[in-house]
Amino acid sequence: MLETKKKFLCLFLLFPIFNLSCASSKPVSRISADKQKDLSGNWNDRDIRIVCETIIDDCIDSPAIKRFAKKNGRLPYVKLGTILNLSDEFIDTTIIANKFRNAIINSGELKFVASDSEVESLRSEQLAQADHVKVGSEAQVGNETGADFMLQGTVKTVIDQNGKTIQKTYYVDVELFGVESTVVEWSSENSDIVKVLDKKKLKL
């Protein structure tokens, strides 16, 4: 009888630890990026990748880029301007901007010029080198490369609703401006991201 009580006491003491270890393994699981699921129906990383890859491919293949390269005998320099969020939800447009930037750099068809904030840091470094670096090894002031084009864009949403069913279409518009001429040399729109939400089943 005493032995039985000891076994019961041991099980009673161990149960909370066992239960805690099981519970802690449930909340998080990993999935690959190409298998990402829509949990809220809002804009997500998969949408960003689809839109950015399509738009940059269109930009690289545009007549304006090819015409510039042929006329000037070099790749055009592009600066990334503002990507505005004009949608009905929070979208971190800096992520979109970085995706555009990476695609531009990795394409090998366009050269990317530093942003305004990056340029300020680089100019500070140039001035610091002028005062403190060995003569002949310092970066020279006034040798910055100017941008030929500036890429700017917007993200918008169009909502269509019937009762508890919502259809949300994302419109990403991007334009390429000639910096000197201020002419729109190329523009593209992507509206491939369309989501249908059932509010009866989805907890928003």
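Select Cys52 to begin. With a relative accessibility of 4%, Cys52 is buried, where buried means under 20% relative accessible area, exposed means over 50%, and partly exposed lies in between, using a 1.4 Å probe and protein chains only. Now select Cys59. Cys59 is also buried, at 3% relative accessible area.

A word on the model. This is a predicted model, in which local features need pLDDT of at least 70, side-chain atom pairs count only at pLDDT 80 or more, and totals for chains, interfaces and linings use all residues. Residues are numbered from 1 along each chain as its sequence is written, and side-chain values use heavy atoms, with hydrogens and water left out.

Next, show the whole chain as a cartoon. The chain has five helices and six strands. These are DSSP runs numbered from the N terminus: helices are H or I with at least four residues, strands are E with at least two. Trace the chain along its sequence and the order is α-α-α-β-α-β-α-β-β-β-β.

Colour by burial. Of the 204 residues in the chain, 26% are buried. Then turn to contacts, meaning heavy atoms within 4.5 Å. Take those between residues at least 6 apart in sequence: 64% join residues at least 24 apart.

The chain exposes about 14,300 Å², and 54% of that comes from carbon and sulfur atoms. Accessible areas come from the Shrake-Rupley method with a 1.4 Å probe; for residues, only the protein chains shown count as cover.

Now the pockets. On a 1 Å grid over the protein atoms alone, a pocket is an open set of points with protein on both sides within 12 Å along at least five of seven lines, and lining residues have an atom within 4 Å of a point.

Select Phe68, Asn72, Asp148, Phe149 and Glu185. Of the 13 residues that line the largest pocket, these lie nearest its centre. The volume of the largest pocket is about 320 Å³. Which helix gives the largest share of this lining? Helix H3 (residues 63–72), with five residues.

Move on to helix H5 (residues 116–132). Helix H5 gives the most to the lining of the second largest pocket, five residues. That lining includes Lys79, Asp116, Arg123 and Glu144. The second largest pocket holds about 230 Å³ of space. A volume is the space filled by probe spheres set on the grid points, which are joined across faces, edges and corners.

Conventions
On a 1 Å grid over the protein atoms alone, a cavity is a set of points where a 1.4 Å probe fits but cannot get out, and a pocket is an open set with protein on both sides within 12 Å along at least five of seven lines; lining residues have an atom within 4 Å of a point.
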